[in-house]
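Subject: A structure for you to look through

Hi,

Here is the structure I promised you. Please open it next to this email and follow along as you read.

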Amino acid sequence: MDSQNQYCVSRPIYSTRAFEHVNEKQVRETKTIKERLRNSVKCSPKLIPQIIKKFFPILNWLPIYQLKQWLPGDIVAGVTTGMVCALQGLAYSLLVGVPPVYGLYAAFFPILTYFILGTSRHLSVGPFPVTCLMQGAVVLSLAPDELFLYHGNTTGVNGTATLVVNTTARDATRISIATSMTVLIGLFQFGMGVVQVGFLVRYLSDPLVGGFTTAAALQVVVSQLKLIFNVPTNNYNGILSLFYTIGDIFKNIKQTNMVDLIAAVLTIIVVMLVKEFNTKFQKKLPVPIPIEVIVTIIDSGVSYAMDLSTNYGAGIVRTIPRGFIPPRSPDVSLFSSFGGPSFSTGVVSYAIAISVAKVYAAKHELIVDGNQELIAFGISNIFCGCFSGFVATTALSRTAIQESTGGKTQVAGIISALMVLIVIVAVGPLLQPLQKSVLGAIIVANLKGMFMQVHDVPILWRKNKTDCCIWVLTCLACIFLGLDVGLLTGVIFELGTVVIRTQFPTCSTLGNVPSTEIYKNMKDYKNIIECPGVKVFKCAAPIYFANIEYLRDQIKHTVGFNAVRVFKKRNKALKKIHQLIKKGKLKVTENGLVPVAPLGVDNEAFERERDPEQVEGGAQQEVNGGARPAAEVEVQVDWSSTLPVSVRIPKVNIHSLVMDFTAVSFLDVMAAKSLKLVESLKLEKHSEWFLTVFYS
């Protein structure tokens, strides 16, 4: 280390009173609630344009749109992202449990409103597998196949009529549930945005979201296995639903359609390999290879040419009508059936969107308004639900494609919506022979990034074991209890860790780095020395009613004695000493207390040698050990030497205690009283150790 790189600070030593005397304290200006409300609703002609731009962020970037520089990149990004978005919409509709065409609606309508209201320039708005699965769990639980069975025209082996599912009535009910739930999710998000509670998403930490999305990815894979194997399963929701579904798959594994299984396996392998190729050579490729589009076109052609549905019993999409369905209002009577899941799904969808938006905003030095994002997604979901779509958020993979292919603004999003529109009004019927197992395989292949989050566990364990526990417990809770209950469990556990970490804060004893003013934890470094007779105690958390007892114990452990107990023992010893002095058995000399051998002799020497100023008169003085009588002699006792009374007093090896509270953010009333008690002990005349507290 360069010996010349040093600094020296020289300043007076201040107490709080002395500092405020030298530096005049300024009185803070406080406003009443009435004044704050008046200012919040105050409006002027100058503020109107700002308010309009805040609620319509498109007015901030569209007037400065650079046509020549940005439009080519937005076109390429929009076309590429639009093809992927359309196919993912078809695939993710299977997670919700509705016909595939409604996935196209979910990929189209939210983009239109987010283009006007959103603050992120790079998000690709549309379906996401985790939120689709959360919504699909509600849809399938409220409208299972068992509710729509009727006796068919054919008979079974025992002569009874076989049960057939009324798919028309089932799909209509599921669509009504899904769209109504989407509207309710939008209402929740819009309401949170209006009351400015976007900060609530901060309670979903990165470890919690990582564990949740990993468990959700596993749930998605299991939900798609029935399509990949093309085997019948029951619909489960809630505790252990994942394992019940796996049990049904293995129970009916002999009914596997090999054509669907082979197509799905090949799709997964090809899609994952090409995505790895795109990632590895992303700087050399002008645009990523749209492998999902290629696989879909090939499978549709092969399925149509070989008539896989008729000849081999493959499960195909079958019906994708052209055009749109007229808008309709949600079924308000259903809101009470899925209020809780709707709120949790809305929070999760917003958390995913805002986290992705902030990543790209930081990359391009832009600003994302969390509360405005809530309003944008809320209105988008309300609009989408009224047009028969399901919940919309964003996906990191689609957003990465849109940004990496040159997307600069939400113009790329509008162009991607135009691509989806082309599929809805023209190309859709050409995809009717597409195998459902291929769509399920596309979903599974796109979940690789979520499963790779497992690698975060050992990293979290090395950095912060508490965060690692949050990740693991949230993941396990979502697997065993379901996504909604598991997420709630993870949030409660996360908040519990915060309480525990403040209730049992990190306390340390500091030592001095030689030849510096630096003080560090003595357990962390070898060359640190402790100042003789001084203990430096540091607390790195708020001090309040829940941790004050723990803090007292830590202080006792640091100083090596109980100050209150020492104080009481010394008072007890002083009482006995005074009694012996009065009886003439002890006398006070310059060398300390000297015993008088002959008992009952008048202690004239004591009367001559004592200092009259040592006699205290007046009222009794209260101490923690009891009341001391008036007219007592103040005796200076060397507590480290042997005392002439039979009182065992703990040894005190320090003369000063320094409490470093620079990391303490606040103290409550109970903590202040406890610290005041500690300080009062050092003011007593018979306690020679001193207390200094440093605050931030």
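Let's begin with a pair of residues: Cys507 stands opposite Cys539 in strand S7. This is a predicted model, in which local features need pLDDT of at least 70 and side-chain atom pairs count only at pLDDT 80 or more, while totals for chains, interfaces and linings use all residues. Residues are numbered from 1 along each chain as its sequence is written, and side-chain values use heavy atoms, with hydrogens and water left out.

**The strands around S7**

Helices (H or I, at least four residues) and strands (E, at least two) are DSSP runs, numbered from the N terminus. Two strands pair if DSSP finds at least two bridges between them. S7 covers residues 534-539, and it pairs with S5 (residues 507-512) in the antiparallel sense over four bridges. S7 is also joined to S12 (residues 656-661) by five bridges, and these two run parallel. Is S7 mostly covered or mostly open? It is mostly covered, with five of its six residues buried. Buried means under 20% relative accessible area, exposed over 50%, and partly exposed in between (1.4 Å probe, protein chains only).

Next, look at H9, which takes in residues 206-229. Its 24 residues reach 34 Å from the first C-alpha to the last, close to the 34 Å expected at 1.5 Å a residue. The expected span is 1.5 Å times one less than the number of residues. H9 has a kink of about 25°, centred on Ser223; the bend at a residue is the angle between axes fitted to the seven residues ending there and the seven starting there. Because 19 of its 24 residues are buried, H9 is largely enclosed by the rest of the structure. After H9 comes Asn230, with a positive phi near 55°.

In H7, 11 of the 14 residues are buried, including Pro129, Val130, Cys132 and Leu140.

**Cores and contacts**

A nonpolar core is a set of buried Ala, Val, Leu, Ile, Met, Phe, Trp, Tyr and Cys residues joined through side-chain atoms within 4.5 Å. The largest one has 117 residues, and among those touching the most other members are Val130, Phe212 and Phe338. Apart from it lies another core, of 19 residues, among them Cys507 and Phe537.

Contact means heavy atoms within 4.5 Å. Leaving aside neighbours within four places in sequence, Phe338 is in contact with Val138, Leu142, Ile177, Ser180, Met181 and Leu184.

Where is Ser388 found? It is in the loop between helix H15 (370-386) and strand S4 (393-394). Ser388 counts as buried because its relative accessibility is 2%. With neighbours within four places left out, its contacts include Tyr102, Tyr105 and Arg328.

**The whole protein**

The protein has 26 helices and 13 strands, and buried residues make up 46% of its 696 residues. An unreviewed UniProt entry annotates several stretches as "transmembrane region", including residues 183-204 and 258-274; such annotations may be inferred rather than shown by experiment. In the model, residues 258-274 are 100% helix, with end C-alpha atoms 24 Å apart. Residues 183-204 are 55% helix, with end C-alpha atoms 23 Å apart.

Happy exploring!
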